[in-house]
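Colleague: Can you walk me through this model? I have the sequence and the coordinates open.

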Amino acid sequence: MRIPGRKALARVFRPMQSFLAPGGLVLGYQRVSDATWDPLDLAVSNDTFRYQLDTISKNFDPVSLSSLITRKSEGGSLKGCVSVTFDDGYEDFIRYAVPELSCRNIPVTIFVTTGYAGRPFWWDEVSCLLEAAHREIDVLEIDFGSKGGTRIFGGLRDYAAAAAAG
């Protein structure tokens, strides 16, 4: 896929590399998905992810998080080093992120949330209730218990209100 201005952007970005990542950079992701409903903004699109990985491969030194920590503790230079991490352990990590990372030999660290294997996170269940397909509900009340109180989201049949509630 051709992206207009990509080479010009790379030329402009190159001098800023040492400014942006003088001591190493850790990029944290949660999801790689082309889902149209993402009110929590957890996902990066497949095309954007590929573009970012290409930029990392060409302009930086991709290293594992443990390698970055070791270099830091030993006083080594971290200039240009980038570590990629993923949080929560979403299924799309295996399906979309791993193949893209593997073909570019970019190491990755994943932090898996235990206790949710094979079932959705509670925040995804709430987001699903706010999705257009389930917009028959107009009010959603969530009780967070004695310490968290209650939160009420109204006017959810309206797309903008539902997206803002997420």
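Modeller: Let me settle one term before we start: rings of Phe, Tyr and Trp count as a pair if their centres lie within 6.5 Å. By that rule, ring pairs link Tyr29, Phe49, Phe86 and Phe93 into a cluster. Bear in mind that this is a predicted model.

Colleague: How many aromatic pairs are there by this rule?

Modeller: The count comes to four. In one of them, the ring centres of tyrosine 29 and phenylalanine 86 are 5.3 Å apart and the planes are at 20°, so this pair is stacked; planes under 30 degrees apart count as stacked.

Colleague: Where do tyrosine 29 and phenylalanine 86 sit in the chain?

Modeller: Tyrosine 29 is in strand β1, residues 25-29, and phenylalanine 86 is in strand β5, so the pair links distant parts of the chain, 57 residues apart. Their C-alpha atoms are separated by 4.7 Å.

Colleague: Is tyrosine 29 buried or exposed?

Modeller: Buried, because its relative accessibility is 10%, and buried means under 20%. Phenylalanine 86 is buried as well.

Colleague: What else is tyrosine 29 in contact with, leaving aside its neighbours within four places in sequence?

Modeller: Val44, Phe49, Gln52, Val84, Thr85, Phe86 and Asp87.

Colleague: Let's step back. What elements does the chain have?

Modeller: There are six helices and eight strands. From the N terminus on, they run α-β-β-β-α-β-α-β-α-β-α-β-β-α.

Colleague: And how many of the residues count as buried?

Modeller: 30% of the 166 residues. The accessible surface of the chain is about 10300 Å², and 56% of that belongs to carbon and sulfur atoms. As for contacts between residues at least 6 apart in sequence, 52% join residues at least 24 apart.

Colleague: Which residues have the most contacts inside the largest nonpolar core?

Modeller: Phe49, Ile56, Val84, Phe86, Ala97 and Leu101, in a core of 14 residues. The elements that give two or more residues to this core are α2, β5 (81-88) and α4 (91-103). Apart from it lies another core of five residues, among them Val63, Leu65, Leu68 and Leu78. As a general point, nonpolar side chains in soluble globular proteins tend to be buried together.

Colleague: What does leucine 101 touch, not counting residues up to four places away?

Modeller: Leucine 101 touches Phe49, Leu53, Val84, Phe86, Phe93, Ile106 and Val108.

Colleague: Back to helix α2. Which of its residues are buried?

Modeller: Asn46, Phe49, Leu53, Thr55, Ile56 and Asn59. In an α-helix there are 3.6 residues a turn, so residues three or four places apart point the same way.

Colleague: What span should helix α2 have?

Modeller: The helix has 14 residues, 46-59, and at 1.5 Å a residue it should span 20 Å. The expected span is 1.5 Å times one less than the number of residues. The end C-alpha atoms of α2 are 20 Å apart, which agrees.

Colleague: Are cysteine 81 and cysteine 103 buried or exposed?

Modeller: Cysteine 81 counts as buried because its relative accessibility is 1%. Cysteine 103 is at 56% and therefore counts as exposed, given that exposed means over 50%.

Colleague: Now the loops. Where is glutamine 30?

Modeller: Glutamine 30 is in the loop between β1 and β2 (31-32). At 22% relative accessibility it counts as partly exposed.

Colleague: What is glutamine 30 in contact with, beyond four places in sequence?

Modeller: Leu42, Phe86, Asp87, Asp88, Tyr90 and Asp92. Glutamine 30 and tyrosine 90 are 60 residues apart in sequence, with 7.3 Å from C-alpha to C-alpha.

Colleague: And asparagine 105, which loop is that in?

Modeller: The loop between α4 and β6 (108-112). Asparagine 105 counts as exposed, at 66% relative accessibility.

Colleague: What is the phi of asparagine 105?

Modeller: Near 55°, a positive value in a residue other than glycine. Most residues other than glycine have a negative phi.

Colleague: Last one. Where is valine 98 found?

Modeller: In helix α4. Valine 98 is partly exposed, with a relative accessible area of 28%. Valine 98 and valine 108 are ten residues apart in sequence and 8.6 Å apart in space, C-alpha to C-alpha.

Terms used:
Residues are numbered from 1 along each chain as its sequence is written. This is a predicted model: local features need pLDDT of at least 70, side-chain atom pairs count only at pLDDT 80 or more; totals for chains, interfaces and linings use all residues. Side-chain values use heavy atoms; hydrogens and water are left out. Buried means under 20% relative accessible area, exposed over 50%, partly exposed in between (1.4 Å probe, protein chains only). Helices (H or I, at least four residues) and strands (E, at least two) are DSSP runs, numbered from the N terminus. Contact means heavy atoms within 4.5 Å. Accessible areas come from the Shrake-Rupley method with a 1.4 Å probe; for residues, only the protein chains shown count as cover. A nonpolar core is a set of buried Ala, Val, Leu, Ile, Met, Phe, Trp, Tyr and Cys residues joined through side-chain atoms within 4.5 Å. Rings of Phe, Tyr and Trp (its six-membered ring) pair if their centres lie within 6.5 Å; planes under 30 degrees apart count as stacked, over 60 as edge-to-face and the rest as tilted.
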